[in-house]
Amino acid sequence: MKEVRSALSFKRVVISLILMLWPFIYFMFQRNNYSFRDRLDVFTFMLEGVLPLAFVILAALVYLGVFAGEIKNRFIVYTRMRFPLRKLLRIKFAANFLLTWGTFFVFTFGYFLFSFYISPLFGLVDYHPELYKLNEVTVVQESYTRHTFTQLLQYGSLTYGFLYSGWVALNAAVFASLGFFMVLIMRNQFAAISFPFLLYILGSFITSSANMKAFRFPDAIFPFSSVQMPIWTACVPLAFLTFLCMALYVHATKNLERNGNLA
C-alpha cells in the first residue's frame, strides 16, 4: 500500500528501532542481576517494566502523529477535492491499523525469538530453576500455568510466540484506531491523541477499584504480574475497545461532509 510505504520514512524507522531496542539494552545490563527460571522468564522480563505504561503512547507514535498533522495542516481538506473523502479516510485508517499492528508484532515476536532461540544459542543467560524448587523437567510443566496465554506453550513455543505477539499487536492497533477516530472528531489534536492513553489509565484504575484486576488493560495485554487466567478474560477489555471503536466510527462518519476538521 502506497500510504504505508510513504509513512515508513527513514527517520521514523530509525526512531522505532531505537525505541524497540531499549528493552534489549536494559536486559543486557541487568541480566546478571536476576535469576531466570527459563527462556519464558527472559521474554517476560523484557516486556515488563515501563512498556505496559508506555504501551498506548508508543502505539500512537506509529502513525497517529502523521495523521493528526495532516488534519492540522489541512492536507485532508486539499486532497478531498480530487479524491473521494470516505475512500481517503479508509486508506488512512488501514495504514494506521496495519502499521501499528505490524510494528508491535515485529517488536514482540523479535523479542520472543531472541529469548527462546538466540539467547540460549549464545549462552547469554544462566537459568536457575532450582531457586524456584524446579528442575529441567518440572519447569516446563510449570511454564504452562505461569501466566495467561502460556497455556499455548503446550502446542509449541512458536505457537505461543506467534499468537501472543499477534495479540499484543492487535491491542496496539485497536488503541491506535481509537485515537484515529478521536482525531477526526475533536478539534484539539493533542487531546484526541491523548484520549486512548487516558482511557487506558482511567480504565485500569476503575477495574482495580472494582476488584476486577483480570480485566485491567495492562494485565490483559501483559499478564505477567498475576496468576494465569482463562484466555477469554483477556478478550473482555478488547471487546469493550472494539465496541467503543465502532461507536466512534459511527459518530465520526455520520456527518462526515460537515465535519469541522475536514471542511
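Which helix supplies the largest share of the lining of the largest cavity? The model is predicted, so local features need pLDDT of at least 70 and side-chain atom pairs pLDDT 80 or more, while totals for chains, interfaces and linings use all residues. Residues are numbered from 1 along each chain as its sequence is written, and side-chain values use heavy atoms, without hydrogens or water.

The count comes to one cavity of 30 Å³ or more. A cavity is a set of points, on a 1 Å grid over the protein atoms alone, where a 1.4 Å probe fits but cannot get out; lining residues have an atom within 4 Å of a point. The largest cavity holds about 30 Å³ of space. V56, A59, A60, L64, F175, A176, I193 and P196 line this cavity. Helices α4 (51–72), α8 (157–185) and α9 (189–209) each supply at least two lining residues. The largest share, four residues, comes from α4. Helices are DSSP runs (H or I, at least four residues), numbered from the N terminus.

A nonpolar surface patch of about 900 Å² includes L21, W22, I25 and I201. Patch residues have over 30% relative accessible area and no salt bridge, with nonpolar side chains joined within 5 Å. A salt bridge places a Lys or Arg side-chain nitrogen within 4 Å of an Asp or Glu carboxyl oxygen. Helix α2 (residues 10–30) gives the most to this patch, with five residues. W22 is found in α2. W22 is partly exposed, at 47% relative accessible area (between 20% and 50%, 1.4 Å probe, protein chains only).

S119 is found in helix α6 (residues 85–122). S119 is buried, at 0% (under 20%). Beyond neighbours within four places in sequence, S119 contacts F114, L124, V125 and Y127 (heavy atoms within 4.5 Å).

Conventions. Patches are made of residues with over 30% relative accessible area and no salt bridge: like charges are joined within 9 Å, nonpolar side chains (Val, Leu, Ile, Met, Phe, Trp, Tyr) within 5 Å. Accessible areas come from the Shrake-Rupley method with a 1.4 Å probe; for residues, only the protein chains shown count as cover. On a 1 Å grid over the protein atoms alone, a cavity is a set of points where a 1.4 Å probe fits but cannot get out, and a pocket is an open set with protein on both sides within 12 Å along at least five of seven lines; lining residues have an atom within 4 Å of a point. Grid points are joined across faces, edges and corners, and a volume is the space filled by probe spheres set on the points.
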